[in-house]
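Subject: Structure handover

Hi,

Here is the structure I promised you. Please open it first, then read my notes below.

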Amino acid sequence: MSGQTRKKIQKKLKIRGYSLKMDGLEEILLFVNRFPDAEDEAVDLLLDQLDHRSLKSSIIDKEAVHQVVSLLLEAEAAEECPTSDSYIRVIDAFLVPKFQYDPIKKHFFQHSGSLPIHGEASAKAALYRDRFLLLFQRVSRDQHFNKLAFDIDDETSQNCQLSPIQSLIGQRGTRWVMGVISQLEDGHFYLEDLTAAVEIDFSKAISFSLIACHICSYIHSISLNFFFFKRITMQRSSLFRLITVTKQKIVVFFDSQYKITTGFLTENTIIVAEGEMHSEGIFQVITCGFPPLEDRDKSLKVLSGHDFFGGGTLTKEETLRLADLEKRAVNEMFVILSNIWLDDEQVMEKLETVLNGFESVEIVPSLFVFMGNFCSRPCNLSFHSFLSLRLQFGKLGQMIEAHPRLKAQSRFLFIPGPDDAGSSTVLPRCALPKYLTEELQKHVPNAIFSSNPCRIKFGTQEIVFFRHDLLYKMRRSCLIPPSTEETDDLFEHLVATITHQSHLCPLPLFVQPIIWNYDHCLHLYPTPHTIILGDRSEQKAFKYTGITCFNPGSFSDDSTFVAYRPCTQEVEFSAL
């Protein structure tokens, strides 16, 4: 019987164009033997799953088969007895696939081969090119930047056609351009795209504070569905013509009214700008802002099934099954704490109070997320207490082990902070060194140590965790003070910036270094369902264009943390 089954499996694989190694055949036989009454169906199901995977070769080995078999058995177990493990998947940043956009063929293709940590000089240029093309292909589909085929009257048209920067030479009148803000010379800012770079002048960029008293009543009646400083067509009036220029204020001369929206404008951010080319070769910016956002569902339709998030592509049946599990997982809860100083006795006592509280509840949380820093002092070259820190992780493991319900039913995820032990401070950061964590793992075998940033797939939902003191750095790097027209909440400015830039850390590389070949790990495209920004600033939550964003606060500073229910995307602020 076994010989007939072997021949049957080999024949089916050959028909589909696969070759089979011996260890792969043995792995398939182990799977098929689980279903003695449905061998053909089991083989066909396994082969269907292999067809949906991005295989490096047509030669099937044990590893490729094992991955598919694990997913199938996991799905079978989830249907019989759904557990949190069946629909919660942690994804390390270094395992996120890399996709690049081809502007000629107008589609994404997946990068093949390995990515070295120490990239060549060309990798740095590719970093900026990939960021620009990612946003450019998104903007090109926006209705406000699609020029109509029979658009005759330019004055009444609401469409803004983007011009390449190279085409600005010799042109008159205002033009819309898109590019990266760069400081190619000290004190001189340029706007770059793939064709050229042009020096820009922000001296006539608008300052809402000077005109708010005149237009406040009018501006609130306007609803804008995209994020940049959109001109509102209206009759010319001397009331809106500003002619005062000071060194402290940024002032504009304009005849039409503009709306300023939220966000931090820093070097290396990508903007859409309207302006006019001067004879000196300087592009005078009239108004500028971030590229408009795109609805997640619209982005997914364009991606043709590509897995940008890293959780694996799902069939329609799997998507429906996971969506049904999500609806039933009303009691699932994530407890998220940031800045847990293991060398501080008071912090450890407060943490034990938190664990005691959740140990006694009827349904314990499915996941605890502990984000760094895990030490009150930076673990840099002057730090010589690694043995002590290792023992403190061991004490944390003993504390968790003393809560049997949490140890048995909850999972524990550890994400390093910016000052934790590691090879360097560049992003993305690797998981905590095994030397520090192996004592903890002896007590808590199901502990997970992942990268920073880190991604979680909860059913069909995509959740991103990022531990970085980003708000402080963004404020220091601002070229123009953020507008207070829509909000004066700096966290909302931060959320708007990273979502419209589709990047977790759009800071200059000299402010926050990034591994050039792994910049794609920080992309936020398509937009995820939830973004958790671990920052030392106060607790905040903000739902922006359907994206739930929140900061759990600093547990060591003010004993704050968050209980998050992914089923309803409900954020519960907590504190001791």
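Start with two residues. F374 is buried, and F393 is buried too. Keep in mind that this is a predicted model.

Next, the aromatic rings. A pair of rings is described by the distance of the centres and the angle of the planes. The structure holds 23 aromatic pairs. One of them joins F368 and F412. This pair is stacked, with 5.1 Å centre to centre and 10° between the planes.

Where do F368 and F412 sit in the chain? F368 is in strand 15, residues 367–371. F412 is in strand 16, residues 411–415. They are 44 residues apart, so the pair links distant parts of the chain.Why does F368 count as buried? Its relative accessibility is 0%, and buried means under 20%. F412 counts as buried because its relative accessibility is 0% as well.

Now back to F374 and F393. These two form a tilted aromatic pair. The centres are 5.5 Å apart, with 55° between the planes. F374 lies in the loop between strand 15 and helix 11 (386–401), while F393 lies in helix 11, so the pair ties together parts that are 19 residues apart in sequence.

Both pairs belong to a wider group. One aromatic cluster includes F368, F412, F374 and F393.

Which ring does the charged end of R390 sit over? The ring is that of Y435, and the charged end is 4.8 Å from its centre.

Best wishes

Note on methods
Residues numbered from 1 in each chain as written. Predicted model: local features only at pLDDT ≥ 70, side-chain atom pairs only at ≥ 80, totals over all residues. Heavy atoms only, no water. Phe/Tyr/Trp six-rings, centres within 6.5 Å; stacked < 30°, edge-to-face > 60°. Helix = DSSP H or I, 4+ residues; strand = E, 2+ residues; numbered from the N terminus. Buried < 20%, exposed > 50% of the residue type's maximum accessible area, 1.4 Å probe, protein only. Lys NZ or Arg CZ within 6 Å of the ring centre and 35° of its normal.
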